[in-house]
Amino acid sequence: MTRRRLPPDERRRQLIDSAARLFATHDYPTVHMEDVANAAGISRALLYRHFPSKPELFAAVYQQAAEQLLVDTSLDPDIPLADQIAAGLDVHFDYFEANAKTVVVANRLLIGDPAIQAIITGELAALRERMLDVLGVEGQPRQLFSAVIMSWLTFVRVLTVEWLEHPTCPRPVLRDVCVGALLGALEPLGDRTP
């Protein structure tokens, strides 16, 4: 087979895309670096030059997914908060369902990996800042709202991973539970907005 020489960034994207497809459809322990190299049409040696280990490759896949989720979920201060949250949750649920194996691995099997923790923390922090900006909360109240929103984002992540593993309710009910939890948590803070 003739291999095409690619610039490093393009090769890296190709490897991440190939790995993402495998991690999305196979259990993490069954995906081997050789499988990724074969899927990308390259040698294992070339794969290892870009990603020295499977956890590092998985972290790159998960980072790309987190970045895309942030692109796909935008907030608009002119739309009611509940509608924006519901729409954002639908985007997240779409990704989580389509990539259930990847999400469960990141949030269960590899949750202790510092790279995975950093990706999750970064994604949650970016979502929190966006929500605070849409709420228009400034000054001292922002700290309180920030803590409530981060707690809610963590709640949503834990609940969604649990739902992926044990789908005990329809997705619209899951979304309504998440929206209701946020609105309920923010209600007592209503008089603290600027």
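Predicted model: local features only at pLDDT ≥ 70, side-chain atom pairs only at ≥ 80, totals over all residues.

**Terms and their grounds**

Visitor: What makes V177 partly exposed?

Guide: V177 has a relative accessible area of 40%. Buried means under 20%, exposed over 50% and partly exposed in between, with a 1.4 Å probe and protein chains only; V177 is therefore partly exposed. Residues are numbered from 1 along each chain as its sequence is written, and side-chain values use heavy atoms, leaving out hydrogens and water.

Visitor: What is the average pLDDT of the chain?

Guide: The average is 89, and 95% of the residues score at least 70.

Visitor: Why is R142 called buried?

Guide: R142 has a relative accessible area of 15%, which lies under the 20% limit, so R142 counts as buried. The side chain of R142 also meets that of D133 in a salt bridge, 2.9 Å from N to O.

Visitor: What makes a contact such as that between K101 and D27 a salt bridge?

Guide: The term requires a side-chain nitrogen of Lys or Arg within 4 Å of a carboxyl oxygen of Asp or Glu. In K101 and D27 the closest N and O atoms are 2.9 Å apart, so the pair qualifies. K101 lies in helix 6 and D27 in the loop between helix 1 and helix 2, so the pair ties together parts that are 74 residues apart in sequence. Helices here are DSSP runs (H or I, at least four residues), numbered from the N terminus.

Visitor: Why does the pair R108 and E162 tie together separate parts of the sequence?

Guide: The side chains of R108 and E162 meet in a salt bridge at 3.2 Å, N to O. R108 belongs to helix 6 and E162 to helix 8, so the parts joined are 54 residues apart in sequence. R108, at 36% relative accessibility, counts as partly exposed, and so does E162, at 38%.

Visitor: How many salt bridges does the whole structure hold?

Guide: A search finds 14. Those that share partners join D90, D94, E97, R171, R175 and D176 into one network.

Visitor: How many helices and strands does the chain have?

Guide: The chain has nine helices and zero strands. Helix 9, which spans residues 171–186, contains V177.

Note on methods
Helix = DSSP H or I, 4+ residues; strand = E, 2+ residues; numbered from the N terminus. pLDDT = per-residue confidence, 0-100.
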